[in-house]
Amino acid sequence: MAAPDALYRLEAVRHQYGDRLVLQIDELEIKRGETLCVIGPSGSGKSTLLRLLQFLERPTGGRIVYDGFPAGDGVSLETRRQVTCVFQRPVVLDRSVRANLTYGLRVRRVHHDRREVDRLLEALGLDRLAATPARTLSGGEIQRVAFGRALAFNPKALLLDEPTANLDPRNVRLVEDLIRDRQAQGTTIVLATHQIFQARRLANRTALLLDGQIVEVAPTAILLDAPRDPRTRAFLNGDMIY
Ligand SMILES: Nc1ncnc2c1ncn2[C@@H]1O[C@H](COP(=O)(O)OP(=O)(O)OP(=O)(O)O)[C@@H](O)[C@H]1O
Ligand SMILES: [Mg+2]
């Protein structure tokens, strides 16, 4: 049974590509309203985990319980719409920056307030680019458009895959401030990052993923300052060879 405070519960989840097992999580709960950070070396399975949490792919084994219900074949459209992911390499629509933020809402027939979109554009430093075709933007601008598009949906679960990887320090701060706003509103956030300092700044708990397995998951300060597993210590010290 999932604890009532769990939005997600992963049970014996396995994910294979061909005959390669890339994810193997015996048990993991993601609590409502928490920010869970997933750190781990390149190829350890962070993005794969986020794709499963977004129901884009079904795990090849085990199950994911979402909001008390096992997510099998029949994840309803309504459930899918509660979960939004900002991908590591986001794709933008061939439309203006503003239209990229509002298009999904139109498709979902969600009423949106123009001023709210204006506020979001401004908070992301995109207000002057609102009318610009999004495909002409820089990598960091595209990243912020994708982030704004995700926030416009007001998701219950926000999955962020390296959301600040292409950003300069000022824009990292803009994005992190917006993440904090969502935390204050109770959004459940799963954040995959290479940046240990970002985990420290934002996450209630942090998990270390190695070769598709969770080595350790703990309150962020404990995982970063007093890890129990020697592999976590090695990873944090940069001693791990991968
Ligand atoms: N669609 C796919 N088909 C085959 N293999 C895949 C696929 N997607 C991911 N993989 C493999 O699964 C493993 C985990 O990939 P994943 O993208 O989840 O890692 P990651 O932790 O997000 O890495 P990074 O930090 O570089 O983003 C990698 O070895 C990758 O090559
Ligand atoms: Mg990744």
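Predicted model: local features only at pLDDT ≥ 70, side-chain atom pairs only at ≥ 80, totals over all residues.
Biologist: Is the crossing of α3 and α5 left-handed or right-handed, and which residues of α5 make the contact?
Modeller: The crossing of α3 past α5 is right-handed. From α3 the contact takes Val 97, Asn 100, Leu 101, Thr 102, Gly 104 and Leu 105. From α5 it takes Val 145, Gly 148, Arg 149 and Ala 152.

Biologist: How many residues of the contact of α3 with α5 are charged?
Modeller: By class, this contact of α3 with α5 has 5 nonpolar and 4 polar residues. Gly counts as polar here. The number of charged residues is 1.

Biologist: Which residues of α4 make the contact with α3?
Modeller: The crossing of α3 past α4 is right-handed. On the α3 side, Arg 98, Leu 101 and Thr 102 take part. By class, the contact has 4 nonpolar, 1 polar and 1 charged residues. On the α4 side, the residues are Val 117, Leu 120 and Leu 121.

Biologist: Which residues of α5 meet α4?
Modeller: The axes of α4 and α5 come within 10 Å and cross at roughly 145°, and the crossing is right-handed. The contact divides into 5 nonpolar, 1 polar and no charged residues. Val 117, Leu 120 and Leu 121 of α4 meet, in α5, Gly 148, Leu 151 and Ala 152.

Biologist: Does Pro 90 count as buried or exposed?
Modeller: Pro 90 sits in the loop between β6 and α3. A residue is buried if 20 or more other C-beta atoms lie within 10 Å of its own. Pro 90 has 20 such neighbours, so it counts as buried.

Biologist: Leaving aside neighbours within four places in sequence, which residues is Pro 90 in contact with?
Modeller: Pro 90 and Arg 144 are 54 residues apart in sequence, yet their C-alpha atoms are 9.6 Å apart in space. The contacts of Pro 90, with those sequence neighbours set aside, are Ile 142, Gln 143 and Ala 146.

Biologist: Is Gln 185 buried or exposed?
Modeller: Gln 185 lies in the loop between α6 and β8. Its C-alpha is 9.9 Å from that of Asn 154, 31 residues away in sequence. With 9 C-beta neighbours inside 10 Å, where 12 or fewer is the limit, Gln 185 counts as exposed.

Biologist: Which helix gives the largest share of the shell around ligand 1?
Modeller: The residues around ligand 1 include Tyr 17, Val 22, Lys 46, Ser 47, Thr 48 and Gln 88. By class, the shell has 2 nonpolar, 8 polar and 1 charged residues. The largest share, 3 residues, comes from helix α1.

Notes
Residues numbered from 1 in each chain as written. Chains lettered and ligands numbered in written order. Near = placed C-beta within 6 Å. Helix = DSSP H or I, 4+ residues; strand = E, 2+ residues; numbered from the N terminus. Left-handed = near helix turned anticlockwise from the far one by under 90°. Contact = placed C-beta atoms within 7 Å. Axes fitted to C-alpha atoms, helices over the stretch in contact; angles between N-to-C directions.
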